[in-house]
Amino acid sequence: MTQPPYRWHSKITPWVFIIPTVIGLLVFRLIPIVSSLYLSFTDWNLLSSPVFINMENYQELLSSEDFLGIVLNTFQFSLIYVVGSIVCGLALAVLINVRIKGIAFFRSAIYLPVVTSAVAVGIIWNWMLGPTYGLVNNLIEAIGLTPPYWLGDTRLALNTVASVQVWKMSGYYMIIFLAGLQGINRDTLESARVDGANAFQSFFRITLPMLMPTLFFVLTITIIDSFKNFELIYAMTKGGPQNASNTLVYDVYLNAFVYYRVGYASAIAYILLIFVGLMTIFNFYIKKHLVQSLD
Amino acid sequence: MKKLLMVLVVLLTLGLLFAAGRTETKAETEAIELEWWTWDPDMLEQNQQIISAFEEANPGVKINNTIVGTKEYWTKIRIQANQNKLPDVFTMSSGYIEEWAKAGLLYNLDAFIESDDTFDNFYQSIFDSSREISNTDSYYAIPFALVTTVLYYNKDAFDAAGVAYPTDDWTWDDFRKAAKQLTLDKNGDGKTDQWGHWFYGRYAHIEPWVYANNGKLIDKNTMQFNPDKNAMDAIKMLCDLVLVDKVAPPQKDMTSFQQQDVFSQGVAAMWVDGSWFVDTLRKNVGDDMRWGIARVPSGPSGPSGLTYGWPDSYAIAPNTKHPETAWKFAKYVAGEGISLDVYMAGKIPSAKKLAEDPLFADPSQQPGEEMNLLIEQANGPMTTSYTMGWSEWRGYGGSESLGLNGTIDAIINGHMGFDEAFKKGTENINAVLKRYYK
Amino acid sequence: MKQKQADRYRLLLIALVAIIYIFPFLWMLSNSFMSEKNIFSVPPKFIPDLLFTDQVLDNYKEVFTQYNFGRYTINSLWVYTLAAFGQIVVCSLAGFALSTMQFRGKALIFSLLIFTLMIPVQVTIIPEYYLFLKLNWMDTYLPLIVPSFLAGAFGTFMLKEFFSQVPRPLFDAGIIDGVNAYQMFARIYLPQATSPLATLFIIAFMNNWNDLLRPMLYISSRDLYTVTIALSQFQNQYGVKWNLLLAGSVLSVLPLLVIFAFSQRYIIESTMSSGIKG
């Protein structure tokens with residue numbers, strides 16, 4: 001339904017409805033965000049009052065070579081997560097989209113990691129990917145190949161953690177894609193099949209275009225979720241080896257809660273915020289140009 | 001609709017009432033109330049018993065114990081400090097004493113100690129160690145325990161390989177020889193199943209060797225990271241165990257182990273770490289494996305007798321309303337009013353009567369008489385590498401993959417050469433230190 | 001017949017995939033029946049040593065009796081049910097206003113909502129902590145519940161989309177009947193929304209259940225602990241009690257799993273009808 005073209009209510013009414021949201025936004029989002037901005041120009045170890053130091057935090061950040069690596073890691077993690085989640089989520093949904101008895105069990109099985117705590121997931125995968133006694137490496141050795149150091153190799157650590165995060169959350173996106181698939185008009189698919197289209201053709205020419213709104217929704221939330229990687233990194237690698245799996249979010253934690261450099265941590269957080277803002281713009285650009293309007 | 005609204009309102013009210021927690025009843029008596037913050041959740045009941053005993057002996061005093069989980073303790077207590085609402089008595093770790101003392105957040109105890117019989121009941125050496133770590137001229141903390149570092153060795157593995165147990169005179173050569181004999185491929189599959197020794201960049205794995213060789217990591221005059229030759233020799237010796245002698249595994253091979261399991265599961269025959277692991281080993285290993293403790297072997301610079309050890313302490317809030325009572329209570333919980341079973345085995349009580357208790361070296365539990373080594377260490381000279389900003393430059397806990405910890409790991413994992421790694425590591429470490437010591 | 005064969009292959013593939021997803025949990029489950037000494041032992045023991053003994057439930061017993069897990073589970077249930085309830089109230093109100101009403105600043109509020117949704121909690125947690133400190137809400141459940149009664153980005157987004165899909169004739173009928181906005185909301189739109197509301201309730205509940213940071217920072221009294229704090233109790237500076245941590249983790253997953261298993265078809269159908277299909 002398109003919005004009513006006229007105002008059918010008094011001027012104040014919408015505000016009554018929206019006032020909790022506005023208060024919530026202000027008090028629990030905007031005020032902390034503005035405070036963090038202020039803090040990023042200070043030096044604060046939580047013991048005494050914040051000391052205003054101007055741009056020093058940002059100068060330190062921008063001249064740090066480690067920091068550049070961390071920013072790139074954050075990009076890389078997000079990329080792997082977004083692409084991986086969309087591909088896995090969609091593939092799983094297509095696979096699971098059948099009416100067989102007991103399919104609900106399999107859906108629950110795939111959803112299980114979503115509701116398991118990141119700490120437990122990290123512990124288990126850490127063990128399974130262990131160099132000498134881990135299950136995965138033992139299987140690889142059994143077929144005669146040399147297994148890599150999944151978490152100990154600087155080149156692999158980040159990708160490994162990102163992949164575990166994709167594994168953990170793919171059930172969640174599967175459910176969303178499943179919902180989208182249910183909404184695809186059966187008749188169109190049926191007539192396509194009658195016309196002789198095979199599975200591939202009907203998927204790419206009919207299903208996928210009709211899934212665009214769902215795809216956009218999943219794209220939006222995977223971008224949002226790609227930054228929530230703190231707990232898994234803490235459980236698996238603690239940012240190591242040597243910053244190889246350190247992302248902006250973990251670095252904020254390190255600086256705020258381990259080194260107690262809250263001002264510096266806030267500066268890192270603000271770089272993260274700019275990053276997020278860019279992603280938001282990128283996201284809406286895609287919506288505008290590639291997805292048909294929902295309204 | 002109205003009904004629904006009513007239900008909503010009732011639910012909401014109930015919910016908010018429940019959420020507001022319990023109401024506090026303020027006692028209107030003249031009672032002295034002290035806040036006591038600790039960080040070990042296991043101690044809940046024991047703490048209550050201790051409190052009851054103290055309250056009985058001191059009528060009119062009420063103690064409230066707040067236990068904060070270890071991970072959040074420091075953040076929360078820092079915020080308390082910031083608000084000038086520090087608890088009267090709270091746990092203070094050696095890593096932060098300097099920073100807090102210099103920020104004026106710890107009660108200066110000199111006056112109490114001078115006019116009191118403190119050193120009749122407590123070991124002065126442990127108090128002095130705390131003062132030295134604070135890098136000030138005053139006493140700011142009341143130690144309740146001392147922890148040191150020792151060499152753990154697997155007696156069964158030694159026996160099986162026919163190697164003599166470590167002694168106080170062991171040198172690095174003796175150690176390396178033993179490690180070689182204890183590194184075994186038990187099932188002939190080309191992979192080492194038992195390592196002679198194992199370590200990674202962790203502070204408790206590295207520093208003991210540095211100090212056993214009379215080495216220094218920090219130049220106290222410039223407060224810069226400037227390890228001397230003795231220190232570098234020690235670290236090089238350790239790295240060579242992995243890279244040259246192949247009697248210790250690289251860190252990346254051990255990522256799936258919880259660090260204290262490597263020794264207790266027999267994967268390494270020797271291990272250097274904190275003395276508090278005596279407790280863990282007693283619980284996890286029991287009598288399944290025979291093990292012992294020994295001094296960390298001394299290096300080519302000769303026996304130093306120097307131990308890497310530090311106290312765990314309590315501190316008093318600088319603006320406490322009841323300093324005398326707080327002091328009395330702090331001494332009580334630091335040793336005067338507690339029993340030996342409060343302590344993790346392997347921690348040395350700072351109270352004389354507890355350390356001298358025959359059960360400290362309980363012969364019915366491992367390592368038996370060897371526990372007396374800890375008393376010897378407590379009576380001898382001790383040192384640490386603690387500075388302000390220590391966890392950042394050393395690499396500890398959440399930052400374990402970085403700092404000096406990460407540097408050493410990079411060397412033994414083969415990511416970087418020794419000199420290259422130390423050059424880069426030193427730069428980074430000094431950048432951190434400069435921030436704290438201008 | 002080709003279809004049946006294809007179906008069989010499909011089922012096989014699904015089963016294989018499901019194993020990859022469920023195997024780690026099975027391992028966790030199996031280890032929760034092991035004594036502390038044998039967990040993570042090397043070489044790994046696959047059959048839990050307590051499984052065929054009288055002590056098979058020892059870890060679980062210890063978690064309940066010594067660590068009061070039952071009480072903490074109830075705490076979590078209470079707190080997060082309330083918070084999820086708050087979400088459906090506030091998001092339906094906001095979603096309704098955003099989808100059917102006109103007012104200045106509508107687009108701004110919506111964009112800000114989406115934008116702030118993206119910010120990870122570490123960025124704002126210290127100012128947030130200070131705020132609650134000043135409000136004197138420390139050691140209560142208020143910091144965990146009240147924000148959920150005020151704003152919810154995901155829920156508002158979802159309900160806005162849903163309400164936009166409500167057929168025009170229903171709206172017009174309401175106008176003709178002369179209802180005001182509150183009646184339009186409560187009598188016409190809200191009854192349509194039972195599906196997405198239930199979905200939102202479940203999702204909000206699940207998202208909060210595993211949160212560790214906020215309960216850790218705001219709760220200190222033992223009686224008020226939530227499940228996540230309870231789990232972190234098994235870790236201290238000297239090591240982790242794996243056997244208890246894994247048993248506790250299994251227990252903490254069960255309520256969510258049960259909720260999901262019973263409501264998944266529901267969630268799928270209602271996610272579908274909330275306008276995501278387009």
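**Exercise 1.** Is C:Cys91 buried or exposed?

*Solution.* The model is predicted; local features need pLDDT of at least 70, side-chain atom pairs count only at pLDDT 80 or more, and totals for chains, interfaces and linings use all residues. Residues are numbered from 1 along each chain as its sequence is written, chains are lettered from A and ligands numbered from 1 in the order in which they are written, and side-chain values use heavy atoms, with hydrogens and water left out.

Step 1. The relative accessible area of C:Cys91 is 0%. Buried means under 20%, exposed over 50%, and partly exposed in between (1.4 Å probe, protein chains only), so C:Cys91 is buried.

Step 2. Leaving aside residues up to four places away in sequence, C:Cys91 touches C:Gly152, C:Gly155, C:Thr156, C:Leu159 and C:Leu200 (contact: heavy atoms within 4.5 Å).

**Exercise 2.** State what chain A and chain B bury between them, and how many salt bridges cross their interface.

*Solution.* Step 1. Buried area is the accessible area (1.4 Å probe) that two parts lose on being put together, summed over both. For chain A and chain B this is about 2,800 Å², with 53% on carbon and sulfur atoms. On the chain A side, A:Leu47, A:Gln242 and A:Tyr259 lose the most area to chain B, together 25% of what that side buries.

Step 2. The contact involves 34 residues from chain A and 34 residues from chain B.

Step 3. A salt bridge needs a side-chain nitrogen of Lys or Arg within 4 Å of a carboxyl oxygen of Asp or Glu. The interface has two salt bridges by this rule. One of them pairs B:Lys191 with A:Glu141, whose closest N and O atoms are 3.8 Å apart.
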